[in-house]
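Good morning, and thank you for joining this meeting.

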Amino acid sequence: MEYGSIEREISIDATPEVVYEVISAPEHLREWWPDEAELEPVPGGTGRITFGDSSSPDAISETLAVVEADPPRRFSFRWIPDQGEPATSTKSLLVTFDLVPSGDGTLLRFTETGFREKGWEAAVLEEQYREHVAGWDHFLPRLVSYVARLAARP
């Protein structure tokens with residue numbers, strides 16, 4: 001297996017403007033991805049996301065650095081940097097959301113790259129890649145469901 005990148009395409013019944021807000025604004029991120037999110041969604045902006053209760057020792061917290069913020073077309077950030085390094089390091093993972101108008105909705109093209117560049121040994125690379133595949137396969141459908149709930153609000 002390659003373990004180089006994760007790619008997904010998802011159709012969402014909402015405009016690119018709505019989808020962009022859901023993938024970039026902390027108050028929306030918390031509804032489908034991490035339990036806690038603080039993020040300045042502008043190029044060079046930084047933030048932190050936490051999975052689980054931040055007061056628990058089991059919580060997982062990661063820093064983010066926004067690479068591109070081009071509403072309503074593209075939002076990308078780096079995360080999972082090497083220990084003690086900023087998320088802007090090239091030894092971090094790059095997540096990109098490309099939004100393409102499609103009829104009345106949006107085609108979301110998702111990619112996560114940088115696994116090989118991390119320099120992990122083979123077993124760690126395989127484990128991290130599989131964990132991220134499982135994670136995105138869980139969270140991206142939640143994004144679609146959350147957008148549908150938003151669209152249903154009066």
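I shall speak about one arginine, the nonpolar core and some backbone details.

This is a predicted model, in which local features need pLDDT of at least 70, side-chain atom pairs count only at pLDDT 80 or more, and totals for chains, interfaces and linings use all residues. Residues are numbered from 1 along each chain as its sequence is written, and side-chain values use heavy atoms, with hydrogens and water left out.

I begin with arginine 30, which is found in helix H2, residues 26-32. Helices (H or I, at least four residues) and strands (E, at least two) are DSSP runs, numbered from the N terminus. Arginine 30 is partly exposed, at a relative accessible area of 36%; buried means under 20%, exposed over 50%, and partly exposed in between, with a 1.4 Å probe and protein chains only. The side chain of arginine 30 reaches the backbone oxygen of alanine 37 at 2.6 Å.

Which residues of the largest nonpolar core touch the most other members? They are Trp32, Trp33, Trp79 and Phe97, out of 40 residues. Helix H3, residues 122-152, gives the most to this core, with ten residues. Such a core is a set of buried Ala, Val, Leu, Ile, Met, Phe, Trp, Tyr and Cys residues joined through side-chain atoms within 4.5 Å.

Finally, the backbone. The peptide bond from proline 71 to proline 72 is cis, with omega near -5°. Proline 72 is found in the loop between strands E4 (60-70) and E5 (74-79). Isoleucine 80, not a glycine, has a positive phi of about 55°, and isoleucine 80 is buried, at 12% relative accessible area.

Key:
A polar contact is a pair of N or O atoms within 3.5 Å; within protein, one must be able to donate a hydrogen and the other to accept it, and residues adjacent in sequence count only if both atoms are side-chain atoms.
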